[in-house]
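I opened the model today and kept short notes as I went. Here they are, in the order I looked things up.

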Amino acid sequence: TILKHDNDCLTQHPDRFVNRHIGPRQDDIAAMLAALGHESLDAMINAGTPSSIRLAEPPELPAAQGETEALQSLRRLADENQVWRSYIGMGYHDCITPPVIQRNLLENPGWYTQYTPYQAEISQGRLEALLNFQTMVCDLAGMEIANASLLDEATAAAEAVTMCRNIQSRNKANAVFVSDGCHPSTLSVLRTRAEALGIGIVTGDPDEFDFSTPVFAVVLQYPATDGTLTDPSGFIARAHDNDALAIVATDLLVLTQIKPPGELGADVAIGSAQRFGLPMGYAGPPAAFIATRDKHKRRLPGRIVGVSKDANGRPALRLALQTREQHIRRDKATSNICTAQALLANIASMYAVYHGPDGLRQIGGRIHAQAKALANGLRQLGQAVESEHFFDTITVALGQAADSVIAEAEKRRINLRQLGAGRVGIALDETTRLEDIDDLFAVFSHGGPRGGGVKLSADKVSEEAPSAIPDNLTRTSPMLEHPVFHRYRSETEMLRYLHRLE
């Protein structure tokens, strides 16, 4: 068809992207312009936009593509990528998205087009999915209340610091201690946010920090970014003795195996739900979480789904305790963040619903068993594995041999974490197979035959060594006891549940 736009005649396919996705038609535009008193869109823009911020000439852009052509171009570009196996960690791990969740939630516009369920009356299904997320986080973290997700782990850390600053109104200290065991991205975002807020950042080893510098909060990583697993309860107790609140950054999958932060005395737990079925997406933002004690609930930022009753006394869900600047006066808001990862939080919650507590323990246990096998095999190769206690991440001290090991890994299209000073980190995940561990042995034996003679079998992976999680940090408390985490084990049942909520 031939359409006239600003006196230009363009041959357009009726399914051209712009026609399908930009709502106003020419008659609509003309009616709006008439109501505003302008003859054209250019006249309206000239009247409302200062010339000083407008370009004199339009930008030089290529001709617009249709949707099909654009997708083909993107595929050609994507085909240029090299897909390597990555064991870098730092809060990002490969995982398996159950196909029933991928097809019916992640790739389903009935789910992915929803931003925020502001209108509770017609959003009960999405609110239930987010309530599942909050329940999952509370159970795994050992906390009493959680919000319905944040942007990413580093943002959650910054929000937790601001939250603790608001709670600690009587503590006149204006600094926060951040463990050097935190992920680099977390420390970077904390520095940026703290500078804007006039808050000082003190970094160091928790074992060496004596609180001679007054702080209103401390931030710990559990386990540490290099994989080391230590008991933070003693440091948390010292923080409380010095009138500081404790923020603990952690990993939901690790919490299926280790004692949760709430049982160690933490005031706030934060972290990422990325490895609960969320594809890496070029390390795009996953769904983060923040959980705390019930007494701090009115300081909790972001969206919170609450359970209430409707006019007929039936259970109903709603957005409760809204503390964002969108909902209340800005000077009373606990946060100005508007971004929750609702879609990704829903995927993470359904991952927990689908697997249930037993399935999550099994996934976590298998990863830990593989990490033990890797550590033991590397020791047999004569490598210096630094940590005795860990979950899925180990650090190897290689010294001058680090460069040659990294080069060997790159030959095999494997990404390892370079920690500097001759140290290399390896973080395993849900997708790791025995063949992958064999390849890592080969890398560290500098290309020797199948790991320098070290062989692996399923029996060795599960029985070769005792747990690398100390007894005092092994999880013994129950989790995910609500019936929703026990009902939907078959793909058909899960499909029906997702469809009902949608």
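First, my ground rule for strands: I call two strands paired if DSSP finds at least two bridges between them. Helices (H or I, at least four residues) and strands (E, at least two) are DSSP runs, numbered from the N terminus. I am working with a predicted model, where local features need pLDDT of at least 70, side-chain atom pairs count only at pLDDT 80 or more, and totals for chains, interfaces and linings use all residues. Residues are numbered from 1 along each chain as its sequence is written, and side-chain values use heavy atoms, with hydrogens and water left out.

**Entry: strand β10**

I began with the partners of β10. Strand β9 (residues 268-272) runs antiparallel to β10, and five bridges join them; here I found Ser272 opposite Ala288. Strand β4 (residues 145-146) also pairs with β10 in the antiparallel sense, over two bridges, and Ile145 faces Thr292 there.

How many residues of β10 are buried? I use buried for under 20% relative accessible area, exposed for over 50% and partly exposed for in between (1.4 Å probe, protein chains only). Five of the five residues of β10 (residues 288-292) are buried, so the strand is largely enclosed by the rest of the structure. Ala288, Ile290 and Thr292 point one way, Phe289 and Ala291 the other way, and all are buried.

**Entry: the five-stranded sheet**

Next I traced an open sheet of five strands, in the order β3-β15-β16-β14-β13, with mixed pairing. Its edge strands are β3 (85-87) and β13 (384-385), each of which pairs on one side only. Inside the sheet, β15 (residues 414-420) and β16 (residues 423-427) are antiparallel over three bridges, and Gln418 has Val424 in β16 as its bridge partner.

Which helix packs on this sheet? I found α13 (residues 434-444), touching β3, β14 (393-397), β15 and β16, with its direction at about 50 degrees to that of β15. Contact means heavy atoms within 4.5 Å. Axes are lines fitted to C-alpha atoms, for helices over the stretch in contact, and angles run from 0 to 180 degrees between N-to-C directions.

**Entry: α5 against α15**

Helix α5 (residues 99-106) packs with helix α15 (residues 491-501) at about 20 degrees, their axes 10 Å apart. That makes α5 roughly parallel to α15 (angles under 35 degrees count as roughly parallel, over 145 as roughly antiparallel, 65 to 115 as roughly perpendicular and the rest as oblique). I listed the contact residues: Val100, Ile101, Arg103, Asn104 and Leu105 of α5, with Glu491, Met494, Leu495 and Leu498 of α15.

I looked for a cis peptide bond and noted the one from Tyr222 to Pro223, with omega near -5 degrees. Pro223 lies in the loop between β7 (217-221) and α10 (233-241).

Ser149 has phi near 105 degrees and is found in the loop between β4 and α8. Arg413 has phi of about 55 degrees and is in the loop between α12 (402-411) and β15. Are these two buried or partly exposed? Ser149 is buried, at 1% relative accessible area, while Arg413 is partly exposed, at 38%.

**Entry: Glu159**

Last, a charged residue in helix α8 (residues 153-167): Glu159. Glu159 is at 3% relative accessibility and so counts as buried. From Glu159 to Arg193 is 34 residues in sequence and 9.1 Å in space, C-alpha to C-alpha.
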